[in-house]
Amino acid sequence: MPLSDRELERYSRQILLPEIDDRGQERLLQSRVAVRGPAWAAVLLSQYLEAAGVTVETHREPETHPAPLTVEGGGRRWQASVPAGTGAAMVAVGYLGTAVLLDLARGGESA
Amino acid sequence: MTRVAVVGTGATGGAFAVGLVKEDPEVSLVLIDPDQVEWSNLPRAPWWTAQDVGQNKAQVLAGRLGSGRVTAVPAALLPERADELLGDADLVVDGTDNWEARRTMQAWAAARGRAWIYMSVLGLSGITALFRPGQDPCLFCLFGETIQQGPHCFEAGVLGTVALAVAGEALGRYAAWLRGDPGPFGLFLIDGLGGRTEVIRAETRCPHFAPLGSRA
Ligand SMILES: [Zn+2]
């Protein structure tokens with residue numbers, strides 16, 4: 001489905017990225033994933049993926065570190081380890097989220 | 001109690017503030033931003049929602065952080081207002097996309113003997129660094145004295161999760177500064193595509209600013 005004017009405005013900064021583009025944004029808006037991991041990091045990652053247009057189901061687990069943070073959807077799986085420390089956890093969530101968004105935007109096409 | 005001023009509450013500054021309040025619930029935080037929330041901010045700033053569009057960014061974020069120690073200042077950081085807005089901050093954090101504001105932060109930090117943290121993000125990469133004026137290299141040492149505004153994110157695009165990684169590395173620099181152990185100066189390069197951070201060490205002696213004075 002083509003993007004609405006509001007969606008084009010809302011997601012304009014991502015659409016400007018050649019790695020995402022219109023087609024990638026459409027794919028993000030059609031994507032569903034499940035996020036599982038230590039609660040704070042799992043919620044943070046879910047919020048960023050949702051903000052980027054993805055539909056997310058979040059499974060919060062107890063706060064132990066280091067702990068795996070996983071994302072599953074569309075037959076694919078991504079994983080990172082969440083270290084102790086807020087800043088380091090944000091870095092891990094940021095990099096994992098970036099990989100998930102770029103892969104989902106790319107769809108079935110190879111890199 | 002540490003007093004931190006965050007200038008700009010968008011993708012980098014807002015994420016830093018969210019992490020800072022979790023890391024240090026006792027922190028005294030001032031959020032400075034003259035702008036209103038726009039639709040195009042939402043994908044990389046999950047602390048704002050569609051209902052916040054049109055409201056002042058700093059005020060909405062301060063409400064979300066929900067602590068009595070968080071103050072919102074809906075104003076732009078101009079050189080003539082730096083003392084008034086940054087006040088008694090122990091550390092200033094750059095969450096802007098604006099070299100004029102960064103020059104102002106750097107000049108204020110040098111004049112007042114304070115440290116500051118630089119953050120930037122564009123496309124799928126970003127940079128952060130902790131600067132202690134007079135002790136570390138400065139923006140002029142690293143980027144030249146005639147630094148000009150480069151492309152903005154509304155020209156080159158940006159991804160929120162990359163900004164989050166930048167803010168996370170910046171929070172790591174904050175934690176090291178707070179411990180009194182930031183180590184030698186490092187320019188942290190965030191590579192969203194590669195999923196890794198590279199640290200460039202630089203020990204240039206800064207000719208632009210005098211060493212930090214007493215914090216008293
Ligand atoms: Zn210098």
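Between them, chain A and chain B bury about 2,900 Å², of which 70% lies on carbon and sulfur atoms. The structure described here is a predicted model. The contact draws on 28 residues of chain A and on 37 residues of chain B. On the side of chain A, 29% of the area buried against chain B is supplied by A:Arg13, A:Tyr48 and A:Tyr95, more than by any other three residues.

Chain A contains an open sheet of 4 strands in the order β2-β1-β3-β4, with mixed pairing. Strands β2 (55-61) and β4 (76-82) of chain A each have a single partner strand, so one side of each is left without a neighbour in the sheet. From one strand to the next, the twist of this sheet averages 15°. Strand β3 (residues 67-73) of chain A runs antiparallel to β4(A), and 7 bridges join the two. Within this pairing, A:Gly73 has A:Arg76 of β4(A) as its bridge partner. Helix α5 (residues 86-106) of chain A packs on the sheet, where it touches β1 (32-38), β3 and β4 of chain A. The direction of this helix makes about 170° with that of β4(A).

In chain B, 8 strands form an open sheet with the order β3-β2-β1-β4-β5-β6-β7-β8, again with mixed pairing. Its edge strands are β3 (70-73) and β8 (196-201) of chain B, each of which pairs on one side only.

Strand β1 (residues 3-7) of chain B is joined to β4(B) by 4 bridges, and the two run parallel; here B:Val7 has B:Asp94 as its bridge partner. With strand β5 (residues 115-122) of chain B, β4(B) pairs in the parallel sense over 3 bridges, and B:Val93 stands opposite B:Ile117 in β5(B). In a regular strand, side chains alternate between the two faces of the sheet. For β4(B), both faces are covered: B:Leu91 and B:Val93 on one side, and B:Val92 and B:Asp94 on the other, are all buried.

For four tetrahedral donors, the ideal angle at a metal is 109.5 degrees. Distant parts of the chain are linked by the pair B:Cys138 and B:Cys206, which are 68 residues apart. Of these, B:Cys138 belongs to the loop between β6 (125-131) and α5 (139-143) of chain B, whereas B:Cys206 belongs to the segment after β8 of chain B. Both B:Cys138 and B:Cys206 are buried.

Note on methods: Residues numbered from 1 in each chain as written. Chains lettered and ligands numbered in written order. Predicted model: local features only at pLDDT ≥ 70, side-chain atom pairs only at ≥ 80, totals over all residues. Heavy atoms only, no water. Pairing = 2+ DSSP bridges. Buried < 20%, exposed > 50% of the residue type's maximum accessible area, 1.4 Å probe, protein only. Contact = heavy atoms within 4.5 Å. Buried area = accessible area lost by both parts, 1.4 Å probe. Axes fitted to C-alpha atoms, helices over the stretch in contact; angles between N-to-C directions.
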